[in-house]
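Let's take a walk through a few strands and one bit of surface. Have the model open alongside as you read.

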Amino acid sequence: MTAAQSDLADLSRYVFRAPRWHASLAVALCVAAVVGVASFDSTTGAVAPIAELRIVGHDAWQGIFYVWVPTIVAAIATTGVDRFLGGQFTPNRSALLALAGELLVVAVLVCAAVFEMLVGLGQPFIFDALIVGLASVFAMRLLVVMAVSRSSLPVAAIPAGIQTAVAAALLFVYGGTYRYVEIGGPVFDGSLRPYLIRTEEAPAALTGLAPRHFSLLLALCALYAVGVHLFLAAIDRPWRRSFGVSVLDFLRGFIGHVAEGSRELEVFFEQLGEEAIVPVTVLAFRRPGGEEKVQFVLPMIHPGPMGEIGGGNVPTRIARQTDGLAFPPHATAGHDFNLVTEREVDSLLEAARRAHDRIDYAPTASAGVRVRAGEASVLGQRFGDGGLLVSTFAPGFADDIDYGVGLTARARARAAGLKDALVADAHNSNNGLSGPDLGHVTPGSTRSFDLIEAATEAGERMVDGADGRLRLGTAWDRTEWTTEEGIGPLGVRVAVVAVGDHTTAYVLIDGNNMEPGLRDRLVAALDEVDAAEVLTTDTHVVNTVEATNQVGAAIDHDELEALVSRLVGAAIDDIEPVEAGLATERTTVTVFGNDRTESLASTANAAVTLGGAFAVAVTVAVLAVSLLLLVLT
């Protein structure tokens, strides 16, 4: 992950899951009741406590009627109207948006009331502020509806205007505005008049609204709609020029995934993706009778971009489809090799099955060897004529290894005499989203040559190493830690390989990288084995909301160390004779593509930076025009 990609990922902290619709409406109800008590004070002097309580209840009811009714109507109607028009609003989103609109109006009125008390502009100023607030609610809802449902402005204006329209209708009827309209004769049949003028039931604070207020509301809504259109057109232009897609598609999918768990984001990624041929390598261990015990499955893709979108949940999918205990380590691939949809995982699983069917098993292996070159360290072990190589840059900090670097390291290990090789990135030491490049191992870098040199020497030493009878023991604990704490559903898995009197432990934690120093602490604690490495799967199910959620950031290090030590001991007790083999198949999948992730991140970050400034400029401009209209009318 580069700095630009980390900046984009870090924006996820601003997104949250939409609460259930009934929770949003309950909050809106409480706010409306409080507003009613504060705004519609019906007490006129000293009264009995019971009577005062009754009056307060009446005021609260008025707040619920005039403030909450537009909110609940908008919450219920927006979903139906938007979906009828081809949109994708959910009840949770509708209720949350309606609550946001209610809070916006309340905030505008509170600020106006405070300003009026300080300056003394009178009740007309409060009415003007109310009109501006209702128009602002329309603008906010229009922006969100267009972003989420990808509707055109005229279509999006229909569901976006529900809350403002209902509030305006209540003000028209209970504010007595119809009296101004019927001057010179009734507009409608007399039987409708009682339903169009209900001032006797309204609080005095609502009387005095004239037709000009509603004309002004229409004018402001039109003005704000133009502002929303200009804003969206401005931030959308770079996306269409660079990628041929709309930023609204990305925004809708991103919000939909994080707020609702939808897969709309995959539709956007499919428009950007390109085909790539990737190796899928399987290292399998089975008991002499043929029963599968362990499979290391390594598709050469990156398990991203986040959550279960694309390949974010590849490790779990592999574990579900694998016979025996699955070990899906992280491959040498970066975000350019994110799968665009979860459907692409099926191609990887099929390739893994084909590779497994071609495995030639052998009962012998070499002892594990540790090779260090520069910053790179490789733990290698040969099984039959194939080899397992696990790379790390610990105690230094590193993130992903570029696809080309990994392919080169694999080729050099094979050139040393191995028939096939599984090269895994331990992905076990990083200092978070800080620094200029976040430890990305790119072609031509010093680290890339360190890794290639270490893989070459490890391959040579593995080929020259003496064969011994192969034995294997395993252990697994799902753990009680959650994805929010940085641990995925595969928990902690341990495989201990014994060749002669030499033991090598492979500890796989279902997480995304590790806190600095934790890997070294865990390896140092495993004094019951001769060699060990701790790996993470780089699963992105732990990164739904948090851009960084590394192993050890939210859990106790002592508890993790105790768990790993216990599992290694259990795996040693489980050691039994096995035979192993390794094979690779290739498959074609659709991934983000070369430099697409970086271009996407750069464009998105620029849009956020410039979009914020442009949004302020547009807001100031429309408010200035609004003020001019208020003065002229």
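This is a predicted model: local features need pLDDT of at least 70, side-chain atom pairs count only at pLDDT 80 or more; totals for chains, interfaces and linings use all residues.

## Around β11

Strand β10 (residues 468-477) runs antiparallel to β11, and eight bridges join the two.

## How covered is β11?

How many of the eight residues of β11 are buried? Eight of the eight, so strand β11 (residues 492-499) is largely enclosed by the rest of the structure.

You can check that side by side. Val 492, Val 494, Val 496 and Ala 498 point one way, Arg 493, Ala 495, Val 497 and Val 499 point the other way, and all are buried.

Now for β7 (residues 376-383), a strand that is mostly covered, with eight of its eight residues buried. Both of its faces are covered: one carries Ala 376, Val 378, Gly 380 and Arg 382, the other Ser 377, Leu 379, Gln 381 and Phe 383.

On one flank, strand β6 (residues 369-373) pairs with β7 in the antiparallel sense over five bridges, and Arg 370 has Leu 379 of β7 as its bridge partner. The two strands make a hairpin with two residues between them, where Gly 374 in the turn shows a positive phi of about 60°.

Strand β8 (residues 386-392) pairs with β7 too, antiparallel and over seven bridges. Gly 380 finds its bridge partner in Leu 389 of β8. β7 and β8 also form a hairpin with two residues between them, and Gly 384 in that turn has a positive phi of about 65°.

Val 110, Val 114, Phe 115, Met 117, Leu 118 and Val 119 make a nonpolar surface patch of about 620 Å².

Val 110 belongs to helix α4 (residues 91-119). Is Val 110 exposed or partly exposed? Its relative accessibility is 48%, so Val 110 counts as partly exposed, given that exposed means over 50%.

Key: Residues are numbered from 1 along each chain as its sequence is written. Side-chain values use heavy atoms; hydrogens and water are left out. Buried means under 20% relative accessible area, exposed over 50%, partly exposed in between (1.4 Å probe, protein chains only). Helices (H or I, at least four residues) and strands (E, at least two) are DSSP runs, numbered from the N terminus. Two strands pair if DSSP finds at least two bridges between them. Patches are made of residues with over 30% relative accessible area and no salt bridge: like charges are joined within 9 Å, nonpolar side chains (Val, Leu, Ile, Met, Phe, Trp, Tyr) within 5 Å. Accessible areas come from the Shrake-Rupley method with a 1.4 Å probe; for residues, only the protein chains shown count as cover. A salt bridge is a side-chain nitrogen of Lys or Arg within 4 Å of a carboxyl oxygen of Asp or Glu.
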